[in-house]
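Please examine the structure shown below alongside the account that follows.

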Amino acid sequence: MIIETILKINPNAVVTVTGTDINTCEIEWLENTTPISKADIEAMIPTVEQELKDAEQAAIDKKASGKQKLKDLGLDD
């Protein structure tokens, strides 16, 4: 989640992250990537979490819609 959040802020960032908690993880900025503060990353995490949930729900909805279209045509899933 941390790397996804960093890439949301800076899509060109080259970084490694050790750990999964923003407060205790170690972030190594590579290839002259400008560091982003942990506070800025932490502030963006809820947005990234919501985007992931929305994408997951969209996939579920798309699958259900496809099944319904098959049934509407008289076919089965």
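L70 is partly exposed, because its relative accessible area of 32% lies between the limits of 20% for buried and 50% for exposed residues. The model under discussion is a predicted one. L70 belongs to helix 2, and together with L73 and L75 it makes a nonpolar surface patch of about 300 Å².

Helix 2, which covers residues 38–72, also holds K53. With a relative accessible area of 56%, K53 is exposed, since the exposed class begins over 50%. From K53 to I3 the separation is 50 residues in sequence and 17 Å in space, taken between C-alpha atoms.

The largest nonpolar core consists of ten residues, namely I2, I6, A13, V15, I22, C25, I27, I36, I41 and I45. At least two residues of this core come from helix 1 (2–9), and at least two from helix 2. In soluble globular proteins, nonpolar side chains tend to be buried together.

T33 is located in the loop between strand 2 (26–29) and helix 2. T33 counts as buried because its relative accessibility is 11%, under the limit of 20%. Apart from neighbours within four places in sequence, the contacts of T33 are N10, N12, A13 and V14.

Conventions
Residues numbered from 1 in each chain as written. Predicted model: local features only at pLDDT ≥ 70, side-chain atom pairs only at ≥ 80, totals over all residues. Heavy atoms only, no water. Helix = DSSP H or I, 4+ residues; strand = E, 2+ residues; numbered from the N terminus. Buried < 20%, exposed > 50% of the residue type's maximum accessible area, 1.4 Å probe, protein only. Core = buried A, V, L, I, M, F, W, Y, C linked by side-chain atoms within 4.5 Å. Patch = residues over 30% accessible without salt bridge, like charges linked within 9 Å, V, L, I, M, F, W, Y side chains within 5 Å. Areas by Shrake-Rupley, 256 points an atom, 1.4 Å probe, with all protein chains shown as cover. Salt bridge = Lys/Arg side-chain N within 4 Å of Asp/Glu carboxyl O. Contact = heavy atoms within 4.5 Å.
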